[in-house]
Amino acid sequence: MRDPRAGGRRVGWARVALVLLLVVASVAGCASIPDRSSPRVIPGLGGESPAVSRDISPRRDAAPEVIVRDFLKANAIADADYAASRRFLVPSGVTSWQVPKQAMVVTKIDVIPTQRSSSVTKMTIRAQAEGTFDSDGVFEPTRQSVSQNVQLALVSGQWRIQGLSSVGQTPMLLIDDDEFRSVYRRYLLYFPDPSGRTMVPDARWLASSRDRLPADLLTLLVRGPRPSLQDAVFNPFGQSSTVRGSVTDLSGSQKDAGVGYAGVRVDFDGVPKLEPDVAKLLAGQVVWTLSGADVQGPYMVTVDGAPLDDKHPSGWNVNDVASVSPNASSDLAVGLHGVLNGAFVRVTPTTTIPVPGPLGQLKTIRSVGLSGTGREVAAVLDTGAQGPGQGTALVIGPYGGVPTQVLVAGTMTRPSWMPDDATVWTVLDGTRVVRLRQDQATGEITEMDVDSSEVAAIAPGPITDLRLSRDGVRVAMIVGGKVLVGVVQQKSTGQSMIAHLQQVAIDRDMSASSIDWNAGDNFVIGRTTSDSPVLSVRYDSGDVTPLPSRNLSPPISMVAASQNTVYATDSSGVWEIEIGPDSTSQYWSQVDALAGGHANPVLPG
């Protein structure tokens, strides 16, 4: 399949998040709410929040601190041009307030009086930022302390907000985190990976009503991926596509699109001419984005009124695009493997079986990377050499076959495969990230450095683990005990680059020892501490959740994860626990075949 890439265009501000309406003052003080403004409202997205939240209004005779706190809650409600927030302003600001372009979701909020008179009160908001939030529903986690100055005036015996400062040098709408998460819901848009093998998740937060949700998701889909993914995924919609007309059910009604058996009908225009395989990817985007949001099919996709593909005149369903399912996994087909006392083994419910070939007979394997299909193996061996840069060797070969030695270094991280079964990454001596690619026709293996210059700037220290997501678009790594997550991009020279790095932050020392992806938007972290030794991280929303720790004996030296199971190695062997929305597991169970001795789990990826 060809590999064109097209960034999505960015269109006007939408009601799902922040409508451009406010200019505020610098942090040095508070400015009055502007007397005049030119409201710019671009309709298109629903942004209607649950009815229970629409009643946020100033409480009668409320203290200034209460007014400020309730204002931060009201800022989560974008309905009717932030009508709920405007109720907390002085009369001149109700119509003239311009909402900032940027929002920040905050927690641990303190409201501190700094100056008070009978008619004017000045206060400072101090809070912990959880993330920034933009007009396309993109939430970017961040951990920092923020402050904003607020001035309130007494109006007819009631305190109302008269002025707001910037946050630092940036006009910013602060939103109470609890209210944000009660009003907005997280959804996943999907874009093909560069090779067209699978779909890459791109999380968005919307407050759409049920009847507006299909249209809102599809409108965001044609706008393209978030900025950090624009150079990392393929966008079949190109730069000029739009949703044409209304999104309806199959009969043309706008009321119940995607409810029950009503299905969804959407027509696009501005879509570039597509080859059949690319058209299927576009259909896959629509199907997996809507089905993941419980918007039910079939999904009738047309372009300029004509079917996207004549083979699907009645619409598409999930089975038609199963080949690019973001939920597809080879874990069950390939099965659990392990490294046991230096040998590569296949794990059965009761025992281990050495893998055919030399790798199953060795006693010097430190770690193994198994490709997504299970057909290729990369293993790091202990050479026994004492000289600098000679302690480990990387070998690559077919499963059960004779591997070829390709690299020697002092240390190497556990190999991690791209989804093409031909490309594997590792880190040499804690600093040099390399990509090795095997030519499928000749078998020749070429080595190329990965541009990882961003890593040292964010977290100095050795890279002790690096894992590519199963779709090959994102990368997570441990650097000096800290966890970084970024995006894999390709330069015009063909060199891979790690970009858009973010550090995963928690309230205590991370002390990370191992990391692995269990989904395209989620990974698990093994730690050396007894306090929450394994964490689950949904990095695009900043959610860090401890997994149960019962039966584990930290430190954790390695984790491996699939969509439904996490494996962890402690001092007594390998343990497993079920994960996922339906899991009720409260403790870890030992993998008996990998108990005792020196053992580590191996899964595809």
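The questions and answers below walk through a predicted model, taking up a helix, some paired strands, a cavity and a pocket.

Me: Is helix H5 mostly buried or exposed in this predicted model?
Reply: Helix H5 covers residues 213-223, and the residues counted as buried in H5 include Leu213, Ala215, Leu218 and Arg223. Since 11 of the 11 residues of H5 are buried, the helix is largely enclosed by the rest of the structure, and the word asked for is buried.

Me: Which elements do the buried residues of H5 pack against?
Reply: The buried residues in question include Leu217, Leu220, Leu221 and Val222. They pack against four strands and a helix, which are E7 (185-192), E8 (199-206), E9 (242-248), E10 (264-269) and helix H6 (276-292).

Me: Which residue follows H5, and what is its phi?
Reply: Helix H5 runs over residues 213-223, and the residue that follows this helix has a phi that is positive. That residue is glycine 224, with a phi near 105 degrees.

Me: Which glycine takes a positive phi in the hairpin of E7 and E8?
Reply: The hairpin has six residues between its strands. The glycine with a positive phi, near 75 degrees, is glycine 196.

Me: Why can strand E16 be called largely enclosed?
Reply: Strand E16 covers residues 365-370, six residues in total, and a residue counts as buried when its relative accessible area is under 20%. The strand is largely enclosed by the rest of the structure because the number of its six residues that are buried is five.

Me: In E17, which residue is the bridge partner of leucine 370?
Reply: Strand E16 and strand E17 (residues 376-382) pair in the antiparallel sense over five bridges. In the hairpin that they form, five residues lie between the strands, and glycine 374 takes a positive phi near 80 degrees. The bridge partner of leucine 370 in E17 is valine 377.

Me: What is the volume of the largest cavity, and which element gives the largest share of its lining?
Reply: A search of the whole structure finds two cavities of 30 Å³ or more, and the largest cavity has a volume of about 50 Å³. Its lining includes Val368, Gly369, Leu370, Arg414 and Asp516, and by class the lining has six nonpolar, two polar and three charged residues. Both E16 and strand E36 (599-602) supply at least two residues of this lining, but the largest share, three residues, comes from E16.

Me: In E31, which residue is the bridge partner of arginine 538?
Reply: Strand E30 (residues 534-538) and E31 pair in the antiparallel sense over four bridges. The partner in E31 of arginine 538 is aspartate 543.

Me: How many residues line the second largest pocket, and which element gives the largest share?
Reply: About 460 Å³ of space lies in this pocket, and its lining has 23 residues, of which Pro194, Met418, Asp420, Arg437 and Gln490 lie nearest the centre. Strands E21 (423-428), E22 (432-438) and E26 (482-490) are the elements that give two or more residues to the lining. The lining divides into eight nonpolar, seven polar and eight charged residues, and the largest share, three residues, comes from E26.

Me: Is aspartate 420 buried or exposed, and which residues does aspartate 420 touch?
Reply: Aspartate 420 is found in the loop between strand E20 (416-417) and E21. With a relative accessible area of 18%, aspartate 420 is buried, because buried means under 20%. Leaving aside residues up to four places away in sequence, the residues that aspartate 420 touches are Arg197 and Arg437.

Me: How far apart in space are aspartate 420 and aspartate 471?
Reply: The two aspartates are 51 residues apart in sequence. In space, from C-alpha to C-alpha, they are apart by 9.4 Å.

Conventions: Residues numbered from 1 in each chain as written. Predicted model: local features only at pLDDT ≥ 70, side-chain atom pairs only at ≥ 80, totals over all residues. Heavy atoms only, no water. 1 Å grid on protein atoms, 1.4 Å probe; cavity = no way out; pocket = protein on both sides within 12 Å on 5 of 7 lines; lining within 4 Å. Points joined across faces, edges and corners; volume = space filled by probe spheres on them. Nonpolar A, V, L, I, M, F, W, Y, C, P; charged D, E, K, R; others polar. Buried < 20%, exposed > 50% of the residue type's maximum accessible area, 1.4 Å probe, protein only. Contact = heavy atoms within 4.5 Å. Pairing = 2+ DSSP bridges.
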